[in-house]
Amino acid sequence: MTQEIRAKASELERVVKRVEELREGGISHFLLRGDLASGKTTLVQAYVRSCGIQEPVTSPTFSLMHHYGSFIHHYDLYNKSLEELLALSLLDELQEAGIHFIEWGEEPIERLLERLGFPLAIIEITPFEGGRNYRITHA
């Protein structure tokens with residue numbers, strides 16, 4: 001199933017609401033795709049704020065992962081091979097309870113997660129003048 005939401009920055013709560021609906025429906029892993037500066041981290045920031053968590057949200061580019069509260073997990077897999085991720089015990093992290101946002105969650109990690117039975121959705125973010133288009137695909 002695919003849904004598209006066009007939203008300006010001030011309307012991001014509509015996307016957050018959809019993510020929360022999918023999470024409540026059993027999807028726990030969200031692969032975030034888009035060019036540099038497309039808004040992947042901004043979406044995670046909006047979700048974290050909607051949960052009442054006040055800590056700063058930044059892209060985990062150099063640290064690979066950040067955790068917010070006890071249940072929000074945020075990863076940045078830019079330029080990481082599947083072999084590197086396995087060597088870093090990423091699969092152990094992905095099995096933790098909660099919601100997982102995976103920036104740069106491209107096809108190799110998607111196939112691995114599907115094979116292992118992780119419930120997932122893909123959010124493709126593309127800018128348009130004045131906002132972003134969020135294409136959300138899930139089973």
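How many salt bridges does the structure hold? This predicted model holds eight salt bridges. The legends below describe several of them.

**View 1. Salt bridge between Arg135 and Glu4.** The side chains of these two residues meet with an N to O separation of 3.5 Å. The pair joins distant parts of the chain: Arg135 belongs to strand S7 (residues 131-138) and Glu4 to strand S1 (residues 2-7), 131 residues apart. Arg135 has a relative accessibility of 34% and therefore counts as partly exposed.

**View 2. Network of Glu4, Glu124 and Arg135.** Salt bridges link Glu4, Glu124 and Arg135 in a network.

**View 3. Salt bridge between Glu106 and Arg33.** Here the side chains meet at 3.9 Å, N to O. Glu106 lies in the loop between strand S5 (99-103) and helix H5 (107-115), whereas Arg33 lies in strand S2 (residues 29-33); the two are 73 residues apart, and the pair links distant parts of the chain. Glu106 is partly exposed, with a relative accessible area of 33%. Arg33, at 13% relative accessibility, counts as buried, because that class covers values under 20%.

**View 4. Salt bridge between Glu110 and Arg33.** The closest N and O atoms of Glu110 and Arg33 are 2.5 Å apart. This pair also connects distant parts of the chain, with Glu110 in helix H5 and Arg33 in strand S2, 77 residues apart. Glu110 has a relative accessibility of 14% and so counts as buried.

Key. Residues numbered from 1 in each chain as written. Predicted model: local features only at pLDDT ≥ 70, side-chain atom pairs only at ≥ 80, totals over all residues. Heavy atoms only, no water. Salt bridge = Lys/Arg side-chain N within 4 Å of Asp/Glu carboxyl O. Helix = DSSP H or I, 4+ residues; strand = E, 2+ residues; numbered from the N terminus. Buried < 20%, exposed > 50% of the residue type's maximum accessible area, 1.4 Å probe, protein only.
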